[in-house]
Amino acid sequence: MASFEVIGGRTLHGEIIPQGAKNEALQILCAVLLTPEPVVISNIPNIRDVNKLIELLRDMGVDVEQTAPDTYVFKAENVNLDYLTTEKFIEQARAIRGSVMILGPMLARFGVAKLPKPGGDKIGRRRLDTHFVAFEKLGAKFTYDSADSFYHLEGKNLKGTYMLLDEASVTGTANIVMAAVLAEGITTIYNAACEPYLQQLCKMLNRMGAKISGIGSNLLIIEGVEKLGGTEHRMLPDMIEIGSFIGLAGMTGSEITIKDAQIRELGLIPDTFRRLGIQMEFRGDDIFIPAQDHYEIDTYIDGSILTVSDHTWPGFTPDLLSIALVVATQAKGTVLIHQKMFESRLFFVDKLIDMGAQIILCDPHRANVIGQNRQVPLRGISMTSPDIRAGVALLIAALSAEGRSVIHNIEQIDRGYQNIDGRLNAIGAQITRL
């Protein structure tokens, strides 16, 4: 198990370029299974989860060529369906949550798909019912073998239909869209997720020959086509990483410029951090965060305590609540952090309390943070990263703290952040990989 040694209390300065979006990559890479023609994808992040998915596609028979550090050509001409029954496939698919999104493309193009129950972060219950109920509505036969935790789908002649999703699941919507583009007739998806990454997927599919309308709304209409062709696609910068860098700048009192942040795709992320007191200005598509000696949490108009909560897009993404919580620990004021979607994502706050933060964990979903206005700095400790997002929140806390911190299990961080230690060290951090 690898670790980071972090010497905190250093002020950072400089420019940083966000990586390609992890959550978009997992959708876009699975979509290459929909066509035998070449698909060129650029701005792919070099992170563990994405690399594992690329390896899985390659072992399934997809021809994969890397033409630049962040660019690959995929050609799914000779997909080997027999590979889905091998022990290696089971091991690979269980290792990453994103493997669930091979189901829609496989079902649409080959009429069959199977997958072991996937793994991923231990952040609470993450059900997949939305995916399978929708596949059944398209005409697929679904079975689940509880003995070996295996999902099975069969459906040679999918037919379009109307469906109202029980939750606006991003991966669920992506899976359903990829299944519906090759189904006969028209599929209408209401209460669809409309995150920028899902919009990117739909735009890419349309360039491949799909007919999807309503992109960017929660009502998607898909007219099925007989086949899809190749295309080229460039992924957005990672909004979670951009939000993490905004929080890092505020916590460490640093002057940082985040380059090419595609600001129009960030939704409420900048405004939420502004309400936590972090100043920033937009310079074209760059975000400039000036050094601040202190920052103050906003209140509601009547003076009551601010609540920062997660919500489906265009609400504040749950992946950044851990960053918002850490930022609040050194602000002036108080905020209630309400994590609605997952019941285990706040369980890292005990480590922040050990560092000296003033936090009351009300229940698995809510934490009250009393900011210390930099009067009592956090102190370095030894801790373990429980998941990707909490791991980076703890890294930000360690960078702002006095003294030495050690963060264990950084493989979790590597799953979502590309060379994070190297990039932060380049602007003045002191992080050593042990």
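The expected span of a helix is 1.5 Å times one less than its number of residues. Keep that in mind for the first close-up of this predicted model.

**View 1. Helix 8, end to end.** Helix 8 covers residues 239–252, which makes 14 residues. From its first C-alpha to its last it reaches 20 Å, close to the 20 Å expected. Look around it and you'll see that 14 of its 14 residues are buried, so the rest of the structure largely encloses this helix.

View 2. Just past the helix comes G253, with a positive phi of about 60°.

**View 3. Helix 1 under cover.** Helix 1 runs over residues 22–31 and is mostly covered, with nine of its 10 residues buried. Among the buried ones are K22, E24, A25 and L26.

View 4. An unreviewed UniProt entry lists K22 and N23 under "binding site". K22 belongs to helix 1 and has a relative accessible area of 6%, which is under 20%, so it counts as buried. Leaving aside neighbours within four places in sequence, K22 is in contact with several residues, including D238, P45, I47 and R389.

**View 5. N23, next in the listing.** N23 is also found in helix 1, but here the relative accessible area is 26%, so this residue is partly exposed. Beyond its neighbours within four places in sequence, N23 is in contact with Y197, D319 and R389.

How values were computed
Residues numbered from 1 in each chain as written. Predicted model: local features only at pLDDT ≥ 70, side-chain atom pairs only at ≥ 80, totals over all residues. Heavy atoms only, no water. Helix = DSSP H or I, 4+ residues; strand = E, 2+ residues; numbered from the N terminus. Buried < 20%, exposed > 50% of the residue type's maximum accessible area, 1.4 Å probe, protein only. UniProt positions renumbered as here; feature names shortened; annotations may be inferred. Contact = heavy atoms within 4.5 Å.
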